[in-house]
Amino acid sequence: MRTGNREHVTVERDARGSAVRIAHDTAAIILAAGKGTRMKSRIPKPFHDVAGRPLIRYPLGLCASLGLRPITIVADSASAARIRDLSGESRVVQQSEDGYGTGYATAQAAPPDRDSSESTVVLFADTPLLKPETLARMVRLRASSGAGIVVLSALTDHPSKYGRILRDDGGRVRAIVEAAVATEDQLEIREINTGIMVFDSAWLWENVSKLRPDPVKGETLLTDLVETAATQGRIVESIVLEDADEGMGCDDRIALAKAERIIRRRKVDELMLSGVRIHDPASTFVDESVTADQDAEILPGSFIRGDTHIGSNSVIGPATDIIDSVIGRGSTVTRSIVEGSKLGEGVTVGPFSHVREGTIIGAGAHVGDFTETKNVRIGADTQSGHFSYLGDAEIGAGVNIGAGAVTCNFDGENKHRTTVEDGAFVGSGAMLVAPVTVGRGARVGAGSVVTRDVPDGAVVYGVPARVRPGKTMDGRKGE
């Protein structure tokens with residue numbers, strides 16, 4: 001089968017290998033008004049999460065990476081408000097209930113100034129696998145050929161519900177026929193329509209409003225413009241994907257899972273090519289937004305999610321979950337959870353620890369087995385080896401927190417803070433009842449319940465803890 005003009009356009013890249021911005025004046029429309037009924041969910045389709053991001057973020061990111069503007073998003077009433085919150089300066093149009101289909105939705109996105117762009121890209125909110133270099137090729141092909149439309153197609157052995165690409169004897173695209181109305185011979189065609197198109201903007205706005213609903217579903221289909229263009233003698237170009245998955249739409253949860261698997265694999269490959277050691281890619285799950293430095297190491301069974309950065313020479317895992325956190329150079333996190341936190345250089349965490357939101361751990365510190373932290377700042381070289389809870393606290397540098405020590409931060413109504421100053425020693429099983437301060441170099445005996453501030457250098461023990469008779473650690477007399 002001939003496929004007409006399949007021009008390969010070279011895409012320049014920056015130092016990180018990302019596609020550069022398109023030089024042509026190109027607008028974008030993102031169709032996000034689909035009901036997503038096959039998701040079987042109360043969540044509107046654009047907000048279903050894939051590899052750490054809602055679906056709508058993917059076409060928005062694609063447009064941003066290529067410098068497409070203006071961006072217009074067509075949303076339904078259930079999604080419009082939230083899409084406005086997520087889309088920055090993009091124009092959001094709420095689709096009218098008077099019509100249905102991609103053609104009707106596109107017409108709703110007509111810009112106030114129809115001469116504002118040379119080309120218009122039409123994307124979908126549920127196609128997260130499309131690569132920027134592919135879209136760049138489409139835009140440049142339309143500009144160089146003067147085509148009315150460039151369609152993105154793919155070859156597959158399982159075309160099922162997708163529209164089929166019809167070509168003339170010269171290999172040019174002449175129409176797209178939907179599977180619901182295709183003949184048996186047409187259903188045998190392996191080349192499918194992804195739905196992603198680039199239009200001559202002036203031609204699009206002149207013709208899209210002339211589309212009429214199809215007699216089967218009552219939908220106004222954007223794909224009907226292909227036959228319109230061919231009839232008018234306008235060139236219709238095509239780019240055929242080498243990997244059909246790149247144009248895949250996420251119509252149900254099976255497709256969501258497939259897309260997530262592909263995105264994560266792409267990300268893992270990207271990290272390995274940049275110098276990150278990943279021992280078993282199949283059992284390592286990394287969100288698209290994660291970054292990592294050269295010689296970082298990720299062991300099997302680990303989940304690295306959200307806005308996370310892994311420093312060089314750090315070791316993560318096995319069986320570790322890092323979420324929205326920064327892991328400093330040379331740190332180790334083993335069989336633990338770290339979320340919303342920042343670890344300095346050379347920190348060790350775990351095994352079986354939970355570092356919760358708001359934790360900042362200084363260089364060389366250790367948070368050991370079965371220790372939980374929350375909203376706490378831990379100073380450099382401080383050690384908390386076993387079974388402790390440190391919440392709403394300021395822990396200084398060089399502090400020792402004994403096994404089972406707890407900051408008692410909640411009085412039943414309010415949270416209070418605990419301060420443990422540099423060089424202090426908190427014995428095993430000690431309870432620090434906030435608000436309370438343990439002074440610099442002070443020592444708290446094992447099993448003590450500290451309800452009053454401990455002076456610098458003092459030694460306290462007991463229930464409630466009292467200063468030990470005799471001299472304090474700094475040589476001053478105690479009580």
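User: Is Ile 73 buried or exposed?

Analyst: This is a predicted model, in which local features need pLDDT of at least 70 and side-chain atom pairs count only at pLDDT 80 or more, while totals for chains, interfaces and linings use all residues. Residues are numbered from 1 along each chain as its sequence is written, and side-chain values use heavy atoms, with hydrogens and water left out. Buried means under 20% relative accessible area, exposed over 50% and partly exposed in between, with a 1.4 Å probe and protein chains only. Because its relative accessibility is 0%, Ile 73 counts as buried.

User: In which strand is Ile 73 found?

Analyst: Helices (H or I, at least four residues) and strands (E, at least two) are DSSP runs, numbered from the N terminus. Ile 73 touches, among others, Ile 30, Ala 32, Ile 56 and Leu 60, where residues up to four places away in sequence are not counted and contact means heavy atoms within 4.5 Å. The strand that holds Ile 73 spans residues 71-75 and is β4.

User: Why is helix α1 called oblique to α4?

Analyst: Axes are lines fitted to C-alpha atoms, for helices over the stretch in contact, and angles run from 0 to 180 degrees between N-to-C directions. Helix α1 (residues 57-66) and helix α4 (residues 132-145) pack at an angle of about 60°, with their axes 10 Å apart. Angles under 35 degrees count as roughly parallel, over 145 as roughly antiparallel, 65 to 115 as roughly perpendicular and the rest as oblique, which makes α1 in relation to α4 oblique.

User: Which residues of α1 and α4 make the contact?

Analyst: From α4, the contact is made by Pro 132, Leu 135 and Ala 136. On the side of α1, the residues of this contact are Leu 62, Ser 65 and Leu 66.

User: Which strands stand at the edges of the open sheet of 12 strands?

Analyst: Two strands pair if DSSP finds at least two bridges between them. The sheet has mixed pairing and the order β12-β15-β18-β21-β24-β27-β29-β31-β34-β37-β39-β40. Each edge strand has a single partner strand, so one side of each is left without a neighbour in the sheet, and these strands are β12 (277-278) and β40 (466-467).

User: What is the bridge partner of Val 349 in β27?

Analyst: Strand β24 (residues 348-349) and strand β27 (residues 366-369) pair in the parallel sense over two bridges. Within β27, the residue that partners Val 349 is Val 367.
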